[in-house]
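This briefing describes one protein chain for a reader who is new to structural analysis. Please keep the sequence and the structure in view while reading.

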Amino acid sequence: PRLLLPKLGPKKLVRICVAGFAACLVGMGLAPTGQLFSLSVMCGSMFTMALPVCMGLIAGKAEGDEAGATLSALEAMNTLNRVFGYKAMTSIFGWGISDGRDIPGASFVVAAGLVALGGIAFETMVDEE
């Protein structure tokens, strides 16, 4: 982010990274080969570079001395994501391969939809510069 942030600005960087990460999740879900899946994983990991920038933007929205509490709330949500997200991904994967279904990547496509919803939430939160 250090190289791109001055050129794009924080909000544009987050927008690009959210869209790119969602696209990579779809790529993971629909990849017909292990090589394409791995490529999608590598690309997706690059797009997560905007997470610290996004957290900074959210903390900057906090009133007065509430930035620390806001970051703590974000970390609590991240913990809940780790608790429930893996269970949900496993359940969706199980659904995708049971009863004759052949959609093992369904969990990644669902995750892409959730990332897109996060992008929409980001758009409602940020002000244009």
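The model is predicted: local features need pLDDT of at least 70, side-chain atom pairs count only at pLDDT 80 or more, and totals for chains, interfaces and linings use all residues. Residues are numbered from 1 along each chain as its sequence is written, and side-chain values use heavy atoms, with hydrogens and water left out.

**Helix α5**

- Helices are DSSP runs of H or I with at least four residues, numbered from the N terminus.
- Helix α5 covers residues 67–97, and its 31 residues should span 45 Å at 1.5 Å a residue; the expected span is 1.5 Å times one less than the number of residues.
- The C-alpha atoms at the ends of α5 are 43 Å apart, which agrees with that expectation.
- At Phe-84, α5 bends by about 30°; the bend is the angle between axes fitted to the seven residues ending there and the seven starting there.

**Cysteines**

- A disulfide is a pair of cysteine sulfur atoms within 2.5 Å, and the count by this rule is zero.
- The cysteine sulfur closest to that of Cys-24 belongs to Cys-43, and at 4.9 Å it is too far for a bond.
- Cys-24 is buried at 9% relative accessibility, whereas Cys-43 is partly exposed at 25%; buried means under 20% relative accessible area, exposed over 50%, and partly exposed in between (1.4 Å probe, protein chains only).

**Nonpolar cores**

- A nonpolar core is a set of buried Ala, Val, Leu, Ile, Met, Phe, Trp, Tyr and Cys residues joined through side-chain atoms within 4.5 Å.
- The largest nonpolar core has nine residues, among them Leu-13, Val-53, Phe-122 and Val-126.
- Helices α2 (10–30) and α4 (51–60) each supply at least two residues of this core.
- A second, separate core has seven residues, including Leu-25, Met-28, Phe-108 and Val-115.

**Salt bridges**

- There are three salt bridges in the structure, each a side-chain nitrogen of Lys or Arg within 4 Å of a carboxyl oxygen of Asp or Glu.
- Glu-123 and Arg-15 form a salt bridge with an N to O distance of 2.5 Å.
- Glu-123 lies in helix α6 (residues 106–125) and Arg-15 in helix α2, so this pair ties together parts that are 108 residues apart in sequence.
- Arg-82 pairs with Glu-75 in a salt bridge, with the closest N and O atoms 3.5 Å apart.
- Arg-101 forms a salt bridge with Asp-99 at 3.9 Å between the closest N and O atoms; Asp-99 is exposed at 70% relative accessibility, while Arg-101 is partly exposed at 28%.
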